Amino acid sequence: MGSIVLVVRLVLADVRRHKVQVAILLLAVTVATATMALGVSLRGASDTLYEQTRAATAGPDVVALSGDRGPAVTSALAALANDPDVVAHHGPYRIVYADLTTRDSTSSPVVVHGFAETPGAVNRPLVTSGQWVRPGGMVLERGFATALGVGVGDHVTIASRSYPVVGIAVTAATSIYPWAAQIGPGGGPSDYSGLAWMTRSDARTLASSHDLPVTLAMDLKLRDPAATEAFREGHRVSIIRINFHSWQFTAVQDMVILRDSQPILVVGSWLLSFLASTGVTALAVGRAAEQTRRAGLLKAVGAAPGLIATVLLTEYLALALVGDALGLVIARLTVPAIASPTASRIGDAAGLTGATVATATVLAVAVAVLSTLRPTLRAMRTATVTAQSATAYQPRHRPWLTALSALLPTPLLLGVRLTARRPGRVVLQACSTATIVIAIVALLIRFAQPERGYGLDGSAALPNLRGEHDRQLMLAVAILLIALALVNTITLTWTTAIEARPSMAIARTLGATPGQISAGLSTAQLLSSLPGAILGIPLGLGLFSIFALGNWTVPPFSWLLGAALATLLATAALTALPARLAARQPVAQALSAETA
Amino acid sequence: MNVSSAAVQACGLVKTHGQGQSRVHAVDEVDLEVPQGQMLAVMGPSGCGKSTLLHLLGGLERPTDGEVWVAGRRIDTLSERALARMRRRSVGFVFQAFHLVEELSAAENVELPALLAGRSRRQARRRASLLLDRVGLAARARHLPSQLSGGQRQRVAIARALVNDPLVVLADEPTGNLDTAATLEVLRIFEELRSAGQTFVIVTHDERVAATADRLVSMRDGMFVDDTRLAGSHPRGLGGLIGLEG
């Protein structure tokens with residue numbers, strides 16, 4: 001008990017003394033775990049929303065669709081109602097293919113379902129505002145209405161006739177907007193379409209007055225809702241061609257809009273975790289000498305290696321777990337918005353599963369342990385007396401680099417020599433920069449892709465929601481990546497400056513100006529960033545090609561080069577402040593600290 | 001103030017640390033003039049303000065009040081940039097803790113101020129080689145500081161201090177970390193340099209070191225309490241004077 005109290009007190013004392021480092025660690029772990037949890041949860045969240053909509057709308061287990069029409073088709077569909085596996089049905093009903101235009105001239109393909117004024121036992125669309133269909137009035141599917149910007153009371157035009165929108169509703173019988181047309185006219189392929197409901201007579205009138213294409217559908221409730229595949233197999237042989245869309249198929253179709261979201265979030269979370277690790281490593285390495293002295297002090301007063309390891313690791317582990325918890329909360333709060341980019345589904349996305357929580361927690365613990373294990377082991381293994389007087393890492397002598405740098409102007413000379421002091425830190429900085437460039441390259445590629453809008457004939461009057469959703473997600477992930485990488489850059493510059501403070505103080509006594517020192521520190525970070533900026537371009541292209549589905553267009557090379565140059569410029573600007581602050585520290589004070 | 005012949009001058013120099021009741025006068029109303037070619041020793045107990053005085057004279061710290069002149073130019077009003085340039089040309093530092101750059105060889109350490117002063121690599125190397133030879137370390141030019149003894153490190157630091165031909169060398173406890181033999185080596189070099197006309201201000205608490213100077217100033221609580229002219233180089237030799245001979 002005494003040991004636990006001691007560990008807690010030591011950890012709390014250290015946390016109070018290093019508030020900025022604590023904030024950086026929390027930020028890094030939080031964004032990494034939040035993104036990972038979001039990526040892992042998307043599929044489950046989408047399924048949950050579908051299931052909730054299905055329950056609320058008495059969604060059918062199977063929708064039987066025929067591309068043809070006529071008495072034979074109608075009787076073939078009606079015969080399905082007598083199947084012993086079918087316990088309830090709705091239909092057959094007409095599906096009319098038309099174009100819809102709003103008052104502000106936005107046009108879109110629409111499929112109009114002809115429904116009874118009083119919905120039956122199966123497929124009862126849930127009216128979320130207004131009322132259900134009545135003669136002369138139509139109801140729009142909520143996802144479609146949201147995309148059109150149309151509400152109850154507005155008028156829309158279909159086949160030259162104006163209809164008042166009397167209600168907005170959702171259904172689980174079709175896929176989310178814009179995949180409402182499950183089958184095209186004549187059983188062919190369908191275009192992006194919205195869904196609307198009219199009374200049966202209005203739908204019949206609409207179809208006949210303009211000779212619009214019509215198909216037929218019937219909603220079925222099975223005795224065993226899970227046995228949809230067996231039902232389909234049992235009705236494969238038929239004179240009339242009938243397509244069966246199971247509720248499982250529709251649930252999977254809902255994920256189409258999220259097809260690219262999952263890779264964006266999961267790959268993004270890998271990159272964020274990587275950045276979190278580099279950031280925490282930079283912090284841990286920057287404090288290695290201090291932690292070793294602390295360990296020496298604890299050893300001197302009788303602490304066993306186990307206790308020392310516990311003290312050193314507990315802080316990072318505890319903070320990582322707090323960051324993990326924060327990340328999971330953020331993921332839980334944002335998953336409904338991300339899992340449902342259209343308004344076609346209702347309900348609340350389910351809470352995070354145990355597997356998701358476990359995955360995110362493993363990630364957070366891995367970031368903390370992998371980043372701090374080496375300094376902890378060093379502190380544990382260093383002899384007590386040596387540990388008490390531990391100094392910062394002693395760089396290696398690199399004669400060729402020293403000779404080469406002697407030919408350069410002073411800021412470059414200092415920059416090259418500072419870079420050579422810590423090759424590991426160069427790698428961390430290069431990795432951070434590469435991650436920024438990867439994120440920007442991926443973003444540029446995403447924005448460079450041609451896209452078919454959801455409007456009539458692919459018009460962009462109705463934006464491509466999937467593309468928009470992917471762009472927004474990628475932008476959010478890129479912003480997080482860039483923010484974390486920038487924090488890392490500032491941290492690395494500051495730790496470099498702190499570690500090089502004695503050398504820089506000596507240089508100042510020898511005549512280096514603060515401006516030269518500051519420029520040297522910035523140059524060191526720029527030199528470290530350069531390989532990352534160069535490698536980031538092919539890595540970004542490679543990563544996109546691995547996870548992208550289908551063909552994609554490479555943006556102009558000038559864009560990619562501009563991204564790398566902008567990253568380097570931003571790095572230079574960011575390092576300027578910490579470098580300037582470090583260069584202005586009193587020389588005498590730095591020399592005295594070194595002597596002490 | 002007549003500044004023409006003095007290498008270093010201070011007038012009414014004050015340096016305080018802290019504020020209010022915890023305010024401490026590290027240097028308190030000090031007047032000092034060090035003519036060119038003079039070796040001045042500043043003695044006093046630990047914490048009396050010796051090192052602070054040296055930092056003020058070299059422009060490493062700014063005085064709270066008073067003036068500092070180096071080579072006829074007032075430096076306490078200069079910008080950090082101008083101070084750095086002044087140090088390149090006019091001041092060489094030697095520290096008790098040597099303050100060598102650990103990842104650079106002896107020659108590279110000595111070259112560094114020359115490179116910072118804008119000399120070419122070849123010039124810097126030639127000058128470093130000459131000075132290392134002068135302090136008896138030509139054979140150790142490629143050694144890292146960690147491969148040198150304390151005395152050798154201090155000799156490297158002295159060579160480094162001299163590489164830009166400074167007007168004055170400011171030495172802060174240059175033998176404080178050295179054993180007797182190494183102290184003798186360092187003092188012999190100082191003696192040679194003084195004979196060649198090099199100006200020195202040496203802060204020390206070692207009377208034997210102070211005895212080699214032309215002039216000895218004693219400091220207590222930030223103030224000068226004594227200023228004595230000494231004989232300088234001793235006819236029996238340096239070792240005899242300071243009691244380091246076998």
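Trainee: Which residues is Ser522(A) in contact with, leaving aside its neighbours within four places in sequence?

Mentor: In this predicted model, Ser522(A) is in contact with Ala572(A), Thr575(A), Ala576(A) and Ala579(A), once neighbours within four places in sequence are left aside. Ser522(A) itself has its place in helix α18 of chain A, which covers residues 514–547.

Trainee: Why is Ser522(A) called buried?

Mentor: The relative accessible area of Ser522(A) is 11%. Buried means under 20%, so Ser522(A) counts as buried.

Trainee: What makes the packing of α9(A) and α10(A) oblique?

Mentor: Helix α9 (residues 288–300) of chain A and helix α10 (residues 305–339) of chain A pack at an angle of about 140°, and their axes are 9 Å apart.

Trainee: Which residues meet where α9(A) and α10(A) are in contact?

Mentor: From α9(A) come Gln291(A), Arg294(A), Ala295(A), Leu298(A) and Lys299(A); from α10(A) come Ile308(A), Val311(A), Leu312(A), Glu315(A) and Tyr316(A). The residues of this contact divide into six nonpolar, one polar and three charged.

Trainee: How do you know that Glu80(B) forms a salt bridge with Arg62(B)?

Mentor: The closest N and O atoms of Glu80(B) and Arg62(B) are 3.4 Å apart. The rule asks for a distance within 4 Å, so the pair qualifies as a salt bridge. By this rule the count comes to 21 salt bridges over all chains.

Trainee: What does the pair of Glu80(B) and Arg62(B) tie together?

Mentor: Glu80(B) lies in helix α2 (residues 80–90) of chain B, whereas Arg62(B) lies in the loop between α1 (50–57) and β4 (65–70) of chain B; the pair therefore ties together parts that are 18 residues apart in sequence.

Trainee: Why are Glu80(B) and Arg62(B) called partly exposed?

Mentor: Glu80(B) has 23% relative accessibility, and Arg62(B) has a relative accessible area of 31%.

Trainee: What makes Arg127(B) and Asp165(B) a salt bridge?

Mentor: Their side chains meet at 2.5 Å, N to O, and the cut-off is within 4 Å. Arg127(B) lies in helix α4 (residues 121–134) of chain B and Asp165(B) in the loop between α5 (150–162) and β7 (168–172) of chain B, so this pair ties together parts that are 38 residues apart in sequence.

Trainee: Are Arg127(B) and Asp165(B) buried or exposed?

Mentor: Arg127(B) is buried, because its relative accessible area of 14% is under 20%. Asp165(B) counts as exposed, because its relative accessibility of 51% is over 50%.

Trainee: Where does Gly197(B) lie, and why is Gly197(B) called partly exposed?

Mentor: Gly197(B) lies in the loop between α6 (180–195) and β8 (199–204) of chain B. Its relative accessible area is 43%, between the limits of 20% and 50%, so Gly197(B) is partly exposed. Gly197(B) and Gln36(B) are 161 residues apart in sequence and 7.5 Å apart in space, C-alpha to C-alpha.

Key: Residues numbered from 1 in each chain as written. Chains lettered and ligands numbered in written order. Predicted model: local features only at pLDDT ≥ 70, side-chain atom pairs only at ≥ 80, totals over all residues. Heavy atoms only, no water. Axes fitted to C-alpha atoms, helices over the stretch in contact; angles between N-to-C directions. Helix = DSSP H or I, 4+ residues; strand = E, 2+ residues; numbered from the N terminus. Contact = heavy atoms within 4.5 Å. Nonpolar A, V, L, I, M, F, W, Y, C, P; charged D, E, K, R; others polar. Buried < 20%, exposed > 50% of the residue type's maximum accessible area, 1.4 Å probe, protein only.
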